[in-house]
Amino acid sequence: MAYSDKVVDHYENPRNVGTLDKASTEVGTGLVGAPECGDVMRLQIKVNPTTQIIEDAKFKTFGCGSAIASSSLATEWVKGKTVAEALAISNTDIVKELALPPVKIHCSVLAEDAIRAAIGDWKKKNGQPESEPALVGAAVN
Ligand code: FES
């Protein structure tokens, strides 16, 4: 199976690889694993406490090329967004952008899960309910 050019680009030049200070209250860490293959992804965000804008994001992924590309793309996409906007990113957006084949869809799910887990961790640290949108006025599901 051939990877798309975008997957290869992210795989060869991954954006935002690294680690943020897990102890900081501005940092949320999401660590997720895919039961299908055992691949593991860690995604971290750094949120401005006043604006709730994600100012930085880093990832480390032990997994396939699609998982690395999905997490690399996810860090690019969340940067500059508010927490609420980042929660709206779905794995189908990632599938579309990277042209992932059906067998690799779970790699993009991992990235969506990692974003949500990182935001959940940040919310927990900041006394916000994990399952509800961060901003008032948004619909509660
Ligand atoms: Fe499992 Fe890609 S093959 S994350």
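UniProt, in an unreviewed entry, lists residues 2-127 as "domain: NIF system FeS cluster assembly NifU N-terminal"; its positions are given in the numbering used here, feature names are shortened, and annotations may be inferred rather than shown by experiment. This is a predicted model, in which local features need pLDDT of at least 70 and side-chain atom pairs count only at pLDDT 80 or more, while totals for chains, interfaces and linings use all residues. Residues are numbered from 1 along each chain as its sequence is written.

Over residues 2-127 the chain is 44% helix and 19% strand, with the end C-alpha atoms 45 Å apart. Helices (H or I, at least four residues) and strands (E, at least two) are DSSP runs, numbered from the N terminus. The protein chain has five helices and three strands, and from the N terminus on they follow the order α-β-β-β-α-α-α-α.

Next comes the overall form. The C-alpha atoms fill a box of roughly 45 × 30 × 25 Å, taken along the principal axes. The radius of gyration of the protein chain is 14 Å, which agrees with the value near 14 Å for a compact globule of 141 residues; the radius is taken over C-alpha atoms, and the globule rule is 2.2 Å times the number of residues to the power 0.38. Two residues are in contact if their C-beta atoms, placed from the backbone, lie within 7 Å. Of the contacts with a separation of 6 or more, 64% are between residues 24 or more positions apart.

The three strands form an open sheet in the order β1-β2-β3, with antiparallel pairing. The edge strands are β1 and β3, each of which pairs on one side only. Two strands pair if DSSP finds at least two bridges between them. Seven bridges join β1 to β2, and V32 stands opposite M41 in β2. Eight bridges join β2 to β3 (residues 54-62), where the bridge partner of K46 is D56.

Two helices pack on this sheet. Helix α2 touches β2 and β3, and its direction makes about 175° with that of β3. Helix α5 touches β1 and β2, and its direction makes about 140° with that of β1. For these angles, axes are lines fitted to C-alpha atoms, for helices over the stretch in contact, and angles run from 0 to 180 degrees between N-to-C directions.

Helix α5 (residues 105-125) has 21 residues and reaches 31 Å from its first C-alpha to its last, close to the expected 30 Å; the expected span is 1.5 Å times one less than the number of residues. A residue is buried if 20 or more other C-beta atoms lie within 10 Å of its own, exposed if 12 or fewer, and partly exposed in between, with C-beta atoms placed from the backbone. Among the buried residues of α5 are L110, A111, A114, I115, A118 and W122. An α-helix has 3.6 residues a turn, so residues three or four places apart point the same way. The cover over the buried residues of α5 includes β1 (27-33), β2 (40-47) and α2 (65-78). Just after α5, G127 takes a positive phi of about 70°.

Two residues other than glycine also have a positive phi. N16, with phi near 60°, is found in the loop between α1 (5-12) and β1. N16 is buried, with 20 other C-beta atoms within 10 Å. Q52 has a positive phi of about 60° and is in the turn of the hairpin formed by β2 and β3, which has six residues between its strands. Q52 is partly exposed, with 18 other C-beta atoms within 10 Å.
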